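Colleague: I am new to this one. Please show it to me, and then take my questions in turn.

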Amino acid sequence: MNTIPNRRAICETLMEKAGQDKTIVVLCSDSRGSASLEPFAQAYPQQFVEVGIAEQDLVSIAAGMASCGLKPFAASPACFLSTRSLEQIKVDVAYSQNNVKLIGISGGISYGPLGMTHHSTQDIACIASIPGMRVYLPSDRHQTKCLMEALVADDSPAYLRVGRNPVEDVYTSGQCNFVMDKATVLQQGKDITIIACGEMVREAQKAGEILKQKGISARVLDMYCVKPIDRQAVLDAARETGSILTVEEHSAFGGMGSIVSQIVSTCCPVPVVNMALPDQPAIAGTSRQVFDYYGLNASGIAENAERMIKSSGKIYPEH
Amino acid sequence: MNDTELSRKAFLLREQAAGLIYRGKSGHIGSDFSVMDILVTLFYLHLNVSPAQQTDPSRDRFILSKGHTAEALYCILCDKGFFPKEELETFCQFGSKYTGHPNKNINGVEINSGSLGHGLPVGVGMALAGRMQGQPYRVYVVMGDGELAEGSVWEGAMAASHFKLDNLIVIIDRNRLQISGTTESVMNPGDLRSRFESFGWQVWECPGNRIDALDQTISEAKASVGAPALVIANTIKGYGYSAAENQAKWHHKVPSEEEYQQILEELKERRAMIE
Ligand SMILES: [Mg+2]
């Protein structure tokens, strides 16, 4: 099993690019270790800025630097970066059109046992609702690298969330089929579509395999680009497979599933079920334990998909 | 222009700002009149900025952290040729880019402001970028005194001295008033000099509605070495219209027709009195 967390792929890409591009700057809020950015800080001390435990400061300083021609990458735990600095993201980054790349590390419930202070299960909702902000949740280290290369090359702000722990590979090196802002089709199918992002993608991929063994043809999409979402892929899924199951490590309010549901209900109404974290502080545990507890795993996804197909999508009749 | 001419100009610009507020039915007149001399001193005597230099990487950077004094800034930028007067006349009207707080769609504006406590940390980023890129520019941030209750100000203040940013100059429009009353009663900012000195800043203080004093003090602050510079400019809120002076209620009052005429009259008189 892969032992390299996605955050390490971020550091690797930045180190590859920072040699030629001196405008690349990395900022941390006492988070260089947890962000795996220590090697960058060591190799490029002139392009590294430590701001201390001050996430609002982190984002404002990054915005000021961007406005003066630098390309800042500001890395901090997603829980603090996405909500404590939300106003700085809204005003100094997005509204002021500054090319800051925000790297939310240890996202979702990565810090499972540490309690809700350390969980970021509303970051998609918060940041996607800001005009001008893009939101990306890559699934594995290979895709993270492709995404980072695209983000280094473009010039508008974005938020990228990765988890803390190594995750199983979804892709193989050089075989990501990565197209910026387009969902990646992991498995073609006609009976239902499973759309996942971030760490849920590998579970969705496995669920697709389970379903295949049962004779169910599920399409599986890696929607790492939560905003701007790949509308065409969502609409194709609705038209061609007739029902959609979304899976994410996020609150059900305003996450990727909400965005998919809005598109589908507006343009091509078919049943959509959103699998997400419940509206309560997440239970303590490792990511695996927490995901299993809430059914956010391959068998839970496969089970829901099967129920949707058998009941024409109406698996929650009380709603 | 010398200090006397600029003092007259500051009163003339107050007339224009009052006109924008009166016609646009929105704005912060007491704050505009308080900060005007600071902005005039900066824009006509210190800032290396002009319409021709808007993309020049070596230009000075100016941040109006107290973004609610947009009218004062707009009148100065307009006077300096950043945009035509007819455009500015759309201030606060439907679809206008000249909103009640500055935004970058307006020529001459470097960062969108209006939410307090952002200017200093953004200025820290600009000053750091200048140093990293070997640019000679300075970063000037104008803050209000009510704004000092924002925690992010102190995060920025700590970072500015940590990074020894002597290319950063902050000026506080110290009028001792905010929307609900005196700064001392709402949230006492205490002894600003010692607070900022304890954060590692070099601190100056001067009368904030006198161009000559501001000019001299800012010149001294620019010479600060190894530490960021703070100028506490002791101002009078509403300066130039006696009925509004030191009155918190004029923070964002839109003058009536009668008041507007009184304002114009008094500003003209005061302008004429300057020798
Ligand atoms: Mg005040």
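Modeller: One term to begin with: buried means under 20% relative accessible area, exposed over 50%, and partly exposed in between (1.4 Å probe, protein chains only). This is a predicted model, in which local features need pLDDT of at least 70, side-chain atom pairs count only at pLDDT 80 or more, and totals for chains, interfaces and linings use all residues. Residues are numbered from 1 along each chain as its sequence is written, chains are lettered from A and ligands numbered from 1 in the order in which they are written, and side-chain values use heavy atoms, with hydrogens and water left out.

Colleague: Is Glu16(A) buried, exposed or partly exposed?

Modeller: Glu16(A) forms a salt bridge with Lys145(A), and the closest N and O atoms are 3.0 Å apart; a salt bridge is a side-chain nitrogen of Lys or Arg within 4 Å of a carboxyl oxygen of Asp or Glu. Glu16(A) is in helix α1 (residues 6-18) of chain A and Lys145(A) in helix α7 (residues 141-153), 129 residues apart; helices (H or I, at least four residues) and strands (E, at least two) are DSSP runs, numbered from the N terminus. The relative accessibility of Glu16(A) is 40%, so Glu16(A) counts as partly exposed.

Colleague: Which parts does the salt bridge of Arg134(A) and Asp154(A) tie together, and how many residues apart in sequence are they?

Modeller: The N to O distance in this salt bridge is 2.9 Å. Arg134(A) is buried at 12% relative accessibility, and Asp154(A) is buried at 18%. Arg134(A) lies in the loop between α6 (123-128) and β5 (135-136) of chain A and Asp154(A) in the loop between α7 and β6 (158-161), so the parts tied together are 20 residues apart in sequence.

Colleague: Which atom does the side chain of Asn297(A) reach at 2.8 Å?

Modeller: Asn297(A) lies in the loop between α11 (287-293) and α12 (298-310) of chain A. Asn297(A) is buried, with a relative accessible area of 11%. At 2.8 Å its side chain reaches the backbone nitrogen of Gly300(A).

Colleague: Which residues of chain B are the protein donors of the magnesium ion?

Modeller: Donors are N, O and S atoms within 2.8 Å of the metal (3.2 Å for Na, K and Ca); water is not among the atoms, so sites may look incomplete. The donor residues are spaced D-x29-N-x1-L in sequence. Lying 2.1 to 2.2 Å from the ion, the protein donors are Asp145(B) (OD), Asn175(B) (OD1) and Leu177(B) (O).

Colleague: How many salt bridges does the rule find across the interface of chain B and chain A?

Modeller: The contact (heavy atoms within 4.5 Å) takes 23 residues from chain B and 25 residues from chain A. Over all chains, the structure holds 35 salt bridges. Across this interface the number found is zero.

Conventions:
Polar contact = N/O pair within 3.5 Å; in protein donor to acceptor, adjacent residues only side chain to side chain.
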